[in-house]
Amino acid sequence: MHGTSILEEADRLMTVCNSCRYCEGLCAVFPAMEMRRSFSDGDLNYLANLCHACGACYTDCQFSPPHEFNVNVPKTLAVARHESYAAYAWPQAFAGLFARNGLVISLTAALSVAAFILGFAVFNDRQILFGVHGGPGAFYKLMPHHAMAALFSATLLYAIVALAMGVRAFWRDIGEPIGMKTDAASLWQAIRDAGELRYLDGGGVGCFNKDDDRPTDRRKLYHHFTFYGFALCFAATSVATLYHYLFAREAPYPWWDLPVVLGTLGGVGLLVGPVGLLAEKWKRDPVLADEARTGMDVAFIVMLFLTSLTGMALLLMRQTAAMGPLLALHLGVVFALFITMPYGKFVHGIYRFVALVRYAQERRAMGHV
Amino acid sequence: MVDLNRKFDVLVIGGGNAALCAAISARRAGASVLVLEGAPKFYRGGNTRHTRNMRCAHDAATDILTGPYTEQEFWDDLLLVTGGQTDEQLAKFMIRESKDILNWIMEQGVRWQPSLGGTLSLGRTNSFFLGGGRAMLNALYLTAEKLGVDILYDAEVLDLEIDNGMFLSATLKQGDGRASVRASTMVAAAGGFEANIEWLKQYWGEAADNFLIRGSPYNRGSILKMLLAKGVQEIGDPRQCHAVAIDARAPKFDGGIITRHDSVIFGIVVNKHAQRFYDEGEDIWPKRYAIWGRLVAAQPDQIAYIIFDSTVVTSFMPTLFPPIGAPSIAGLAGQLELDPVVLEKTVADFNAAVKPGTFDHTILDDCRTEGLTPPKTHWARKIETPPYLAYPVRPGITFTYLGTRVNREARMVLKNGRPAANMFAAGEIMAGNVLGKGYAAGIGMTIGSVFGRVAGQEAAKNARN
C-alpha cells in the first residue's frame, strides 16, 4: 500500500512496464525500474523525478489508452513528481504552497514588487527616485549596498537551507538499497547528464507533443537557453559581488565589463528560453501532462522571463529617470524569485539532479560504467 | 482526403510491418500507393505493435549486435525449429535479403537499440527496435506519409474483385457505407486468422474457446479467406501457429508481451488433474518458450499451472499478474481448485526423484530427476520452501501459419500453379511458406520486412508495365 493514490497508480504501471521493458532504451527511468521488483514510495518518487517528461514512452506504448491496460507513464509520473515536491518541502507547513502554486507565485511577485516600490518611495525623496544617476554607485543612491546585500543574501540563504532540507528528505527516502553516501564519479556523471539534458530526447528520437508521432518538440533547446541563461545571470551577479568586495568597484559597470556581458548574454537566454518553453507547453499534448499544475510551470517560466526583462530594461535605461522605478521593479521580481525558489517549479531541477546522482550510483553498483 | 475514384498503382491491404514496408518500397519505386488499415489509428499495425525485434543475418558484430550471425547459421536454426518444413529456396532467399534489411529498415526511420534486460540471449542474433514495435510502426507510418503514401484507417476490406487470378478492385467499409477502390496491383499484408475463434474452431474444436490471443483482435483472416476462396493456392498446416503459455488471467485479446511466463524451468507444470505432462527441463530458451503453448492446448480444458516455491521467485522476470500463493501444497491446490491429495503426491513424487546437481539455468545443467515419468531432465530442484506459488497458464496464440503460397517475387501462386497476374502477399498471411511449424524469435518480423519490401518493389514494377 502506498501513501497516495497516484503512487498506487505509479506502482501498477511500473509492474506493467517491468514485465514488458520495451522502453528500456528510451531514458533512465526504465533501466532504474528494472533494478527493482517492487516499489516503495521512495522508489516511485525517485523514478518520478528521474522522468524528464519527453513523452516517448507514451507514444511508443502498445498499452497506452484506449488499451485496457491504460498505461500513461509520463502523466502519472508528472503528477507523482509534483506531489513529491510538496511531500519533501521544508518546513512542511509550507507544503500547501504547491497546491495553487501559480496563484502563490503571482501574489508573492506582486507583493514583492509593491514593497520595493513603496520602500523606494518612502526612503527616497522624489528627486532621487526620479533623478538621473550615473557612474559607480548609482544604484546605491536608491538603496544602500549593505541593505541590498543583506536582504538578498538572507533570502538566498533561506532558499538554500529550505532546498537542502528538501533534498535531505528526498535522499533519505530514495536511499535504499545502496545507502546514503555518494561518490565523485556519480556526481560528475549526473552533472553531465543534467547539463546536456541527456534524457530529454526520447532515446534520440526527440520529445513529443500534440502532433502525436512526430517528435517536433524543441523543449530541450529552449531549456538550454533558460538554464544557461540563468547560470550566466548568476555568474554575472557573482562576478559583480567579487568586484565590489575585492576591488571596491561599484555597479553599474560599463557595457563591456564582465558582469554586464555575462548578464546580457544570460538575459537574452532568459528571454528566448522561457518564451520558447511557454510556446512548447502550449503545443503539448494534454494527455501527457499534469494539467492541474500547469500554473506552477507557467508561474516559474514567467518569473524567469520577468527577471530578465526587468534586468534588461534597467540596463538599457539606467542613464534615464526611469532607473529608480525600474530598479525597484527588478529587485522586486528577483526577491520574489528567490523567496519562492523552495516552493515552486525551481525545485524540479534540484530533485531531478539528485535522482540522476542516485541513478549514476546505481548503474555503477550494477557494474555499468 | 484520399481520392478513391482514382486508380492506384498499388493497393496495400493491411497496416503492419509487412504492409508498410511494401507501401514504402512501392512508393520509393515511383508508384502511387494506398494503404487500407482495417483497425482504428491507435490499433494500427496488427501484431507489429506487440513485437520487439527482428532476426537478421549479418557477417560481423555491429553497434547493436554482439557477434556475427551467418546465413548458414540462420538457415540451420530455421531447419531446427521447423523440422525441415520450409520452402528451402524461399527461406534462403529471405535469409540472404535479411542482411540488407538491417540497414534498409533504418533508412526508413526505424531505430535500433542494444538488447538489454531479459533479452541478452538474443543479443547476437536479433536486432531490437528502440521503444519496441509501436515505435517502429510510428517511424514507418511517418516515412510513408512523408513519401506521399495515402493511408486510410478503419478501412476494413469487405470484398475483393478478382477475375481469373487478376485483382481488379476492393470494396471497403467507409463510415457506415461502402466504397470501392481500383488498383493496378494489390499487396495482401493483412495478417493471419488467429483472432477469428470460429475459424480456429474448425481445426481445434471447442478447445479454441480457451485460447487467448496475444495480439490484435483485428487479425480475423478475412482477406486470407477471400483469397483462398478466389483461386489462390494455400500453404501451411491450419493447426500450426506460434503459441506460448501465457497467464490465464490475461485479457482475451491484445495482452501482448506482458502476459508471458518464462518460469517453467524453475518448477513443474501440472494440468487440471494436478498431474505433470511434459519434461519442464527439456530445452534452453527460446525453444522451450515456443513449445508450451501447444502443450497446454493439448491438456484438458486447455489450462495448466506452473508450480514453484519461494526460492526461485526472483530468478525470472517480474510478471504482470502476481503468483498465487499458499503456505502448503494442499493450500495452493485449494486456491487453484485442484485436488489437494493428487497435487501433494505429484510434488512429493517429483521431490523424491530429484537428484543432486549444480544448478545453472543458462546451460543444460545436471539437475535432473530419476525414475520419474515424464522426467525433468534439467534444472530439477525440490519444491519444498513455502510459500508455494503458482501461475495459471493458457495457450496464447500469437499468429497462424496457414497462408497464401508465394514465389520469390512475393507474388501469389494460384491453385493451378501459375503465378498471379498482379497479386502479392507479405507477412503473416504468407508466413507458412517459410514456417511450416515451430518458431524462432524475431522471424515473423523478418518475413514481414523482407517480403514486404520485395512485394512493394515487384508490385510497383508490375504496375508500370
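Let's start with helix 6 and helix 12 of chain A, which are roughly parallel to each other. Please keep in mind as I talk that this is a predicted model. Helix 6 covers residues 101-123 and helix 12 covers residues 294-316, and the two pack at an angle of about 30 degrees, with axes 7 Å apart. We call them roughly parallel because that angle falls under 35 degrees.

Which residues of helix 6 of chain A make this contact? They are Asn101(A), Gly102(A), Leu103(A), Ile105(A), Ser106(A) and Ala109(A). Helix 12 of chain A answers with Gly295(A), Met296(A), Val298(A), Ala299(A) and Met303(A). Sorted by class, the contact between helix 6 and helix 12 of chain A holds 7 nonpolar residues, 4 polar ones and no charged ones.

Now compare another pair in chain A. Helix 1, residues 5-18, packs with helix 5, residues 73-87, at an angle of about 140 degrees, and here the axes are 9 Å apart. Helix 1 and helix 5 of chain A are therefore oblique to each other. The cut-off is worth a second look: over 145 degrees would count as roughly antiparallel. The crossing of helix 1 and helix 5 of chain A is left-handed.

On the helix 1 side of chain A you can find Ile6(A), Leu7(A), Glu9(A), Ala10(A), Leu13(A) and Cys17(A). They meet Val73(A), Thr76(A), Leu77(A), Val79(A), Ala80(A) and Glu83(A) of helix 5. The contact of helix 1 with helix 5 of chain A is made of 9 nonpolar residues, 1 polar residue and 2 charged residues.

Next, the two chains together. How many residues of chain A are in contact with chain B? There are 27 from chain A, and they touch 28 from chain B.

Over to chain B. Its domain assignment gives domain 1, made of 7-238 + 401-464, and domain 2, made of 243-396. The C-alpha centres of domain 1 and domain 2 of chain B lie 34 Å apart. Their contact uses 17 residues of domain 1 and 19 residues of domain 2 of chain B. The side of domain 1 that touches domain 2 in chain B divides into 8 nonpolar, 7 polar and 2 charged residues.

Finally, some backbone details to look up on your screen. Most residues other than glycine have a negative phi, and most peptide bonds are trans. So where are the exceptions?

In chain A, the peptide bond from Ala251(A) to Pro252(A) is cis, with omega near -5 degrees. Pro252(A) sits in the loop between helix 10 (219-246) and helix 11 (258-283) of chain A. In chain B, the bond from Thr373(B) to Pro374(B) is cis, with omega near -10 degrees. You'll find Pro374(B) in the loop between helix 9 (340-353) and strand 16 (388-400) of chain B.

As for phi, Asp254(B) is not a glycine, yet its phi is positive, about 65 degrees. Asp254(B) is in the loop between strand 12 (241-247) and strand 13 (268-271) of chain B. Is Asp254(B) buried or exposed? Asp254(B) is buried, because 24 other C-beta atoms lie within 10 Å, and 20 or more is the cut-off.

Gln302(B) also has a positive phi, about 50 degrees, without being a glycine. Gln302(B) belongs to the loop between helix 7 (287-297) and strand 14 (304-309) of chain B. With 23 other C-beta atoms within 10 Å, Gln302(B) is buried.

Definitions and conventions. Residues are numbered from 1 along each chain as its sequence is written. Chains are lettered from A and ligands numbered from 1 in the order in which they are written. This is a predicted model: local features need pLDDT of at least 70, side-chain atom pairs count only at pLDDT 80 or more; totals for chains, interfaces and linings use all residues. Axes are lines fitted to C-alpha atoms, for helices over the stretch in contact, and angles run from 0 to 180 degrees between N-to-C directions. Helices (H or I, at least four residues) and strands (E, at least two) are DSSP runs, numbered from the N terminus. Angles under 35 degrees count as roughly parallel, over 145 as roughly antiparallel, 65 to 115 as roughly perpendicular and the rest as oblique. A crossing is left-handed if the near helix is turned anticlockwise from the far one by less than a right angle, and right-handed if clockwise. Two residues are in contact if their C-beta atoms, placed from the backbone, lie within 7 Å. Ala, Val, Leu, Ile, Met, Phe, Trp, Tyr, Cys and Pro count as nonpolar, Asp, Glu, Lys and Arg as charged, and the others, Gly among them, as polar. Domain bounds come from an automatic or database domain assignment. A residue is buried if 20 or more other C-beta atoms lie within 10 Å of its own, exposed if 12 or fewer, and partly exposed in between; C-beta atoms are placed from the backbone.
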